[in-house]
Amino acid sequence: MSAPNLTPFRPEIAGTQPDYAANIYGSTALRAPRHAPVRIAQSITETTGPQFRQDRYPGNPDISKVPTGEAQGQRIVVEGHVRDEDGKPVPHTMIELWQANSCGRYHHEGDQHDAPLDQHFQGSGRVFTNAEGKYRYTTIKPGAYPWRNHHNAWRPNHIHYSLFGPGFATRLITQMYFEGDPLLKYDPIYNCIPDEAARTRLVASFELGLTEPEWALGYRFDIILRGRSATPFENDQTPAHAHAHAHDHGNH
Ligand SMILES: [Fe+2]
């Protein structure tokens, strides 16, 4: 067993994360801190765990069906890599997923949107990256749904992601969107990320090579977690496109 890597993780890159309070995203006012965060030194707690092992947390890489039948909707496969800011793969890390069904409704009592439920779609899954940091799962494309942020507000198609990565300081909760979605330009959650390149990194790309004939469309979605501060830069000169931190958007 190797010694734990206690090197701290880098701070977030300005502009790649949404503000805690965003005027265009109403409910942030209810939960945003009113005081500036207090920076604490990263200790063994934040740099080495928690670790979720696949043998203890069984994966569920195909949420397009349940034992009693298949979900309605457009079947898709999603594949990508999880890497850190230095381009190193993040192996054997847990990814949790949740999403609305193909009609845009969550399998949750809190969702009373007037759209049908699907008895064959539970809407949550769990996958792990392999030794090369690659993950893959099968689902159905989620539908858009209305929310009450403003008049005629609709969320774009999206899948929620949760990752811990190698340490708690790399914790990432984000959303994956779909290339070409006309709702993106109207979505306050997507648009409250200041940096345009950072926003764009949340959009999965359609890929014919991942598409399986007669079966499912393929999308690619790569994720970049914080890297270690092992290389001391006076200024962080890592190219902006190398950062794909995203954002905590609650459950919308
Ligand atoms: Fe959502």
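Biologist: In which sense do S3 and strand S6 (residues 134–140) pair, parallel or antiparallel?
Modeller: First, a word of care: this is a predicted model, in which local features need pLDDT of at least 70, side-chain atom pairs count only at pLDDT 80 or more, and totals for chains, interfaces and linings use all residues. Strands (E, at least two residues) and helices (H or I, at least four) are DSSP runs numbered from the N terminus, and two strands pair if DSSP finds at least two bridges between them. Arg75 stands opposite Ile140 in S6. Over seven bridges, the sense of the S3 and S6 pairing is antiparallel.

Biologist: Which residue is the bridge partner of Val78 in S12?
Modeller: Residues are numbered from 1 along each chain as its sequence is written. S3 pairs with strand S12 (residues 217–220) in the parallel sense, over four bridges. In S12, the partner of Val78 is Tyr219.

Biologist: And which residue in S13 does Val82 stand opposite?
Modeller: S3 also pairs with strand S13 (residues 223–225), in the parallel sense and over three bridges. There, Val82 stands opposite Ile223.

Biologist: How many of the 10 residues of strand S3 are buried?
Modeller: A residue is buried if 20 or more other C-beta atoms lie within 10 Å of its own, exposed if 12 or fewer, and partly exposed in between, with C-beta atoms placed from the backbone. Across the 252 residues of the protein chain, 33% count as buried. Strand S3 (residues 75–84) is mostly covered, and its number of buried residues is seven.

Biologist: How many residues does the largest nonpolar core have?
Modeller: A nonpolar core is a set of buried Ala, Val, Leu, Ile, Met, Phe, Trp, Tyr and Cys residues joined through C-beta atoms within 7 Å. Val78 and Met176 are among the residues with the most contacts inside the largest one, whose residue count is 33. Elements that each supply at least two residues of this core include S3, S6, strand S10 (172–178) and S13. To come back to your question, the number of residues in the core is 33.

Biologist: Which residues does Glu207 contact, leaving aside its neighbours within four places in sequence?
Modeller: Two residues are in contact if their C-beta atoms, placed from the backbone, lie within 7 Å. Glu207 is found in the loop between strand S11 (203–206) and S12, and its C-alpha atom is separated by 5.5 Å from that of Gly218, 11 residues apart along the chain. With those neighbours left aside, Glu207 is in contact with Gly218, Tyr219 and Arg220.

Biologist: Why is Asn152 called exposed?
Modeller: Asn152 is found in the loop between strand S7 (145–147) and strand S8 (153–155), and it has a positive phi of about 60° although it is not a glycine. Asn152 counts as exposed because its number of other C-beta atoms within 10 Å is 6.

Biologist: Is His92 exposed or partly exposed?
Modeller: His92 lies in the loop between S3 and S4, and has a positive phi of about 55° although it is not a glycine. With 15 other C-beta atoms within 10 Å, His92 is partly exposed.

Biologist: What is the peptide bond from Gly49 to Pro50, cis or trans?
Modeller: Pro50 has its place in the loop between helix H2 (44–48) and strand S1 (65–66). With omega near 0°, the bond from Gly49 to Pro50 is cis.
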